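Reader: I am new to this structure and would like to learn how to read a few of its features. Could we go through them one at a time?

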Amino acid sequence: GAAAPNSRIRLACIGLGGQGTSNMRAFLTDERVQVVAICDVDGKHREAAGAIAKLSGADLMRDFREVLARTDVDAVLNATPDHWHSNIAIAAAKAGKDLYSEKPLAASIAEGRAICRAVEQNKRVLQCGTWRRSGLKVRMACELVRNRYIGELKEIEIGVPGKFAVR
């Protein structure tokens, strides 16, 4: 019942600070994913993530363009600082890589549209997400709403914690 080696997604992780390493650890627990490359401009992050993923040498890179040039990479995890998300998303799509990117995906509507165009034109898959929406509590709340256990829904208020909170 295990995933066959040739059906596993070969993932490169770009940006291995706190969130990137956390995301990578989650992917490492999924037998359908094989982490094949690590990329971070910070040597300490790069080496630490490489040790966790049991990678070294040529599989540890500083420049994301080297990752995107690899033919053994199917998909990319992008957890770089926010101002790099759109650049890497567009480059990944153009390089024929599918992509999971941390939020925010773009800094402007124009950047967001450019990403969408690159993904559509190159027939790629893109997911931008926050783990918060996948958590058990949120999933349970959605089920309660969908199945009308809380009655008729009249208003939804969504917020983001911290200084950028929007309501």
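Reader: How many residues apart are Arg-146 and Glu-143 in helix α6, and what does that mean along the helix?

Author: This is a predicted model. Arg-146 and Glu-143 lie three residues apart in helix α6, so about one helical turn separates them.

Reader: What forms between Arg-146 and Glu-143?

Author: Side chains of opposite charge can pair when their charged atoms come close. Here Arg-146 makes a salt bridge with Glu-143, with 3.1 Å between the closest N and O atoms. Arg-146 counts as exposed because its relative accessibility is 59%, while Glu-143, at 40%, counts as partly exposed.

Reader: How many salt bridges does a search of the whole structure find?

Author: The search finds seven. One of them pairs the side chains of Asp-59 and Arg-70, at 3.0 Å from N to O. This pair links distant parts of the chain, eleven residues apart: Asp-59 is in the loop between α2 and β3, and Arg-70 is in the loop between α3 and β4.

Reader: Is Arg-70 buried or exposed?

Author: Arg-70 counts as buried, because its relative accessibility is 15% and the cut-off for buried is under 20%. Its partner in the salt bridge, Asp-59, has 23% and so counts as partly exposed.

Reader: Where are Arg-124 and Asp-98, whose side chains meet in a salt bridge?

Author: The N to O distance in that salt bridge is 3.2 Å. Arg-124 sits in the loop between α5 and β6, and Asp-98 in strand β5, 26 residues apart, which again links distant parts of the chain. Arg-124 is partly exposed, with a relative accessible area of 26%; Asp-98, at 24%, also counts as partly exposed.

Reader: How do I read the packing of two helices, and how do α1 and α2 cross?

Author: Two packed helices are described by the angle between their axes and the distance between the axes. For α1 (residues 18–28) and α2 (residues 43–53), the axes come within 11 Å and cross at roughly 15 degrees. That angle makes α1 roughly parallel to α2. The crossing of α1 past α2 is right-handed.

Reader: Which residues form a nonpolar patch on the surface?

Author: The patch consists of Leu-144, Val-145, Tyr-149, Ile-150, Leu-153 and Ile-156, which together have about 590 Å² of accessible area. Ile-156 is in the segment after α6 and counts as exposed because its relative accessibility is 59%.

How values were computed
Residues numbered from 1 in each chain as written. Predicted model: local features only at pLDDT ≥ 70, side-chain atom pairs only at ≥ 80, totals over all residues. Heavy atoms only, no water. Patch = residues over 30% accessible without salt bridge, like charges linked within 9 Å, V, L, I, M, F, W, Y side chains within 5 Å. Areas by Shrake-Rupley, 256 points an atom, 1.4 Å probe, with all protein chains shown as cover. Salt bridge = Lys/Arg side-chain N within 4 Å of Asp/Glu carboxyl O. Helix = DSSP H or I, 4+ residues; strand = E, 2+ residues; numbered from the N terminus. Buried < 20%, exposed > 50% of the residue type's maximum accessible area, 1.4 Å probe, protein only. Axes fitted to C-alpha atoms, helices over the stretch in contact; angles between N-to-C directions. Parallel < 35°, antiparallel > 145°, perpendicular 65-115°, else oblique. Left-handed = near helix turned anticlockwise from the far one by under 90°.
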